[in-house]
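Please open the structure in your viewer and keep the selection tool at hand.

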Amino acid sequence: MGKVSKSPWLLHYDASSCNGCDIEVLDCLTPKYDIERFGIINTGDPFQADIFLITGGVNSQTESVVKQIYSQMPEPKVVVAVGICACTGGVFKECYNIKGGIDTVIPVDVYVPGCAARPEAIIDGVVKALKVLDAKQAALEAKGR
Amino acid sequence: MAKRSIIPFGPQHPVLPEPVHLDLVLEDETVVGVIPSIGYIHRGLEKLVDKRDYKQYTYVAERICGICSCGHGLGYCLAVEQIMNIEVPDRAKYLRTIWVEMSRVHSHLLWLGLLADAMGFESLHMESWRLREKILDMFDETTGGRIIHSVNQVGGVQKDMDSAMLNNILHAIDDIERQMKPIVKTFLHDYTVQSRLKGVGVLSKDDAIAQGAVGPMLRASGVEYDARLLGYGAYKDLTVEPIISKDGDSYGRCEVRMKELFQSFDLIREAIGKIPQGDISVPVKGNPDGEYFVRIEQPRGEAIYYVKGSGKKYLDRFRLRTPTTSNIPPMVEMLKGCQLADVPLLILTIDPCVSCTER
Amino acid sequence: MDDYKSEIRKISMSEFFPAIVHMKTDKWRLVQICATTTEGGYEMSYSFCRGYDMVTLRLEPKEDEEVASITQIYPCAYIQENEAAELFGVKIGRIKPDYQDRLYRIDQTAPFKDKE
């Protein structure tokens with residue numbers, strides 16, 4: 001099996017973000033930043049995704065959705081938390097309906113700070129996630145899969 | 001009678017970057033009923049007024065939504081200024097207007113791109129978003145942020161624009177306007193685009209009023225109403241003419257937003273031509289005591305801000321009625337009778353902004 | 001902003017429904033419903049626009065007093081009435097459709113009711 005990191009597919013979910021980071025994630029896919037030059041394609045299907053980009057903090061409504069999408073993704077998989085809300089809860093941390101960052105629900109591999117996270121930072125985070133993806137794949141192969 | 005079935009739509013759906021859930025009641029392929037349920041992005045931001053004082057809350061208000069951010073900051077500040085009887089300097093009014101019009105350009109271009117994407121017209125989507133980058137670059141240059149600007153504050157604005165910046169904005173919008181021409185042609189005159197939009201999702205004038213539609217959705221059904229005519233900011237010195245379309249279908253909504261883009265270009269030019277010299281903010285002392293309703297025209301329609309204070313640092317109540325909240329009932333009305341395959345496109349034509357709606 | 005009317009009119013419970021019907025027949029459109037907690041009760045503000053004028057009807061129900069839903073007259077009020085009922089715990093009778101506090105599906109009951 002070749003390396004997934006040559007052409008990883010990306011799934012984006014908005015946990016409870018203000019939209020700012022989501023738009024910047026979409027921006028990464030458009031001509032100016034063009035994340036496709038790394039072989040990355042945005043997909044809507046968790047079964048085909050390798051990288052899970054999440055924006056916004058987790059609340060009680062999205063908790064089960066995030067967990068479900070995460071469990072549907074095949075191994076190896078990496079999670080990238082985009083924006084300060086996804087990292088820690090950010091400005092919304094003290095809201096009654098916010099649990100905190102994404103890592104309160106599922107394990108996170110790469111944190112991208114910023115409000116809103118800039119496209120350059122998101123691309124950096126995704127490229128960093130590719131290395132994690134390689135390491136995870138190597139670990140899986142060593143176990144004989 | 002055909003058998004009824006219920007199809008869940010969302011919350012994670014490729015056409016929408018944000019989670020929203022609808023239960024579609026179908027008879028064969030035709031939608032006969034829609035039950036919207038929201039709440040995936042509910043954070044309880046209105047409640048944060050208990051923990052942030054009224055000046056700090058401007059930053060929270062701007063983060064209600066990443067697309068309408070500039071307008072939310074403005075609406076909140078206008079309400080507090082009205083209560084405290086603060087007269088904002090004229091230059092600040094013009095600067096606010098320029099920024100708000102720029103965010104309308106960015107929001108409408110974003111919507112055009114998403115609409116093209118929902119139709120599967122990939123190159124048109126990319127082209128709209130490529131042009132949108134030029135406006136974001138101008139935001140970056142003038143405010144330091146691409147999406148969240150944090151320029152409004154109670155009593156004025158935080159940053160000034162020098163003449164070089166204003167000139168750059170003029171160049172940027174000239175550039176966008178020139179490059180918009182082929183896009184306009186495709187959106188409004190292309191056969192394939194028309195076949196997806198014309199006569200689809202019709203909302204009559206009476207329905208639009210009865211169901212409480214706002215913004216481009218209301219104007220596309222032939223109602224002349226644009227909250228900018230209330231004259232907040234610098235709009236009372238500028239020429240604003242509500243742009244309407246008669247048919248009330250998806251094509252009408254596309255046409256209204258397209259024409260509003262060009263209207264915004266003209267407004268920015270006019271405002272830059274008339275901008276006076278002077279201070280950009282006034283010092284603010286004391287705490288708000290009283291209540292006020294402010295209406296402003298956001299890219300998605302009229303938004304209403306309600307602020308109530310009782311002379312304390314912390315406000316009693318902040319309430320925001322967003323355009324999408326008002327546009328959900330007409331959307332439900334409009335979806336009835338349409339085909340299942342048109343549902344994603346029709347949801348998009350109201351330009352939903354879920355994070356505003358749920359706050 | 002002062003060129004157009006923007007007034008807040010207080011009304012009693014008995015005047016409430018006739019006033020809403022009057023707004024409807026006078027061709028005002030409903031633009032906003034807002035609940036605010038006050039001591040021992042609520043303030044319900046119903047805002048209407050006609051042209052560029054705005055009128056807000058202010059109703060002050062006590063904590064356990066039931067307010068009639070206006071969805072029979074203004075069907076589009078259901079989202080904002082459900083919101084007031086769920087977030088503030090205002091008792092609103094016969095909203096159509098009534099989400100039974102499941103619009104936002106939050107864990108707490110009436111989180112906006114008490115000030116912190």
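Over all chains, the structure holds 41 salt bridges, a salt bridge being a side-chain nitrogen of Lys or Arg within 4 Å of a carboxyl oxygen of Asp or Glu. This is a predicted model, in which local features need pLDDT of at least 70 and side-chain atom pairs count only at pLDDT 80 or more, while totals for chains, interfaces and linings use all residues. Residues are numbered from 1 along each chain as its sequence is written, chains are lettered from A and ligands numbered from 1 in the order in which they are written, and side-chain values use heavy atoms, with hydrogens and water left out.

**First stop: within chain B**

Select Asp160(B) and Arg91(B), whose side chains meet in a salt bridge (3.0 Å, N to O). Asp160(B) lies in the loop between β5 (156-157) and α5 (163-189) of chain B, and Arg91(B) in helix α3 (residues 90-118) of chain B, so the pair ties together parts that are 69 residues apart in sequence. Helices (H or I, at least four residues) and strands (E, at least two) are DSSP runs, numbered from the N terminus. Are these two residues buried or exposed? Asp160(B) is partly exposed at 37% relative accessibility, whereas Arg91(B) is buried at 5%. Buried means under 20% relative accessible area, exposed over 50%, and partly exposed in between (1.4 Å probe, protein chains only).

Next, select Glu302(B) and Arg321(B), which form a salt bridge with their closest N and O atoms 3.6 Å apart. Glu302(B) is in strand β7 and Arg321(B) in strand β8 of chain B, 19 residues apart. Glu302(B) is buried, at 1% relative accessible area, and Arg321(B) is buried at 0%.

**Second stop: within chain C**

Select Lys10(C) and Glu60(C), a salt bridge whose closest N and O atoms are 3.6 Å apart. Lys10(C) is in strand β1 (residues 6-11) of chain C and Glu60(C) in the loop between β4 (53-59) and β5 (67-68), so the pair ties together parts 50 residues apart in sequence. Lys10(C) is exposed at 61% relative accessibility; Glu60(C) is partly exposed at 41%.

Show both chains: 50 residues of chain B are in contact (heavy atoms within 4.5 Å) with 43 residues of chain C. How many salt bridges lie between chain B and chain C? The count is four. To see a salt bridge here, select Arg58(C) and Glu291(B), whose closest N and O atoms are 2.9 Å apart. Finally, select α10(B), which gives the most to the side of chain B that touches chain C, with five residues.
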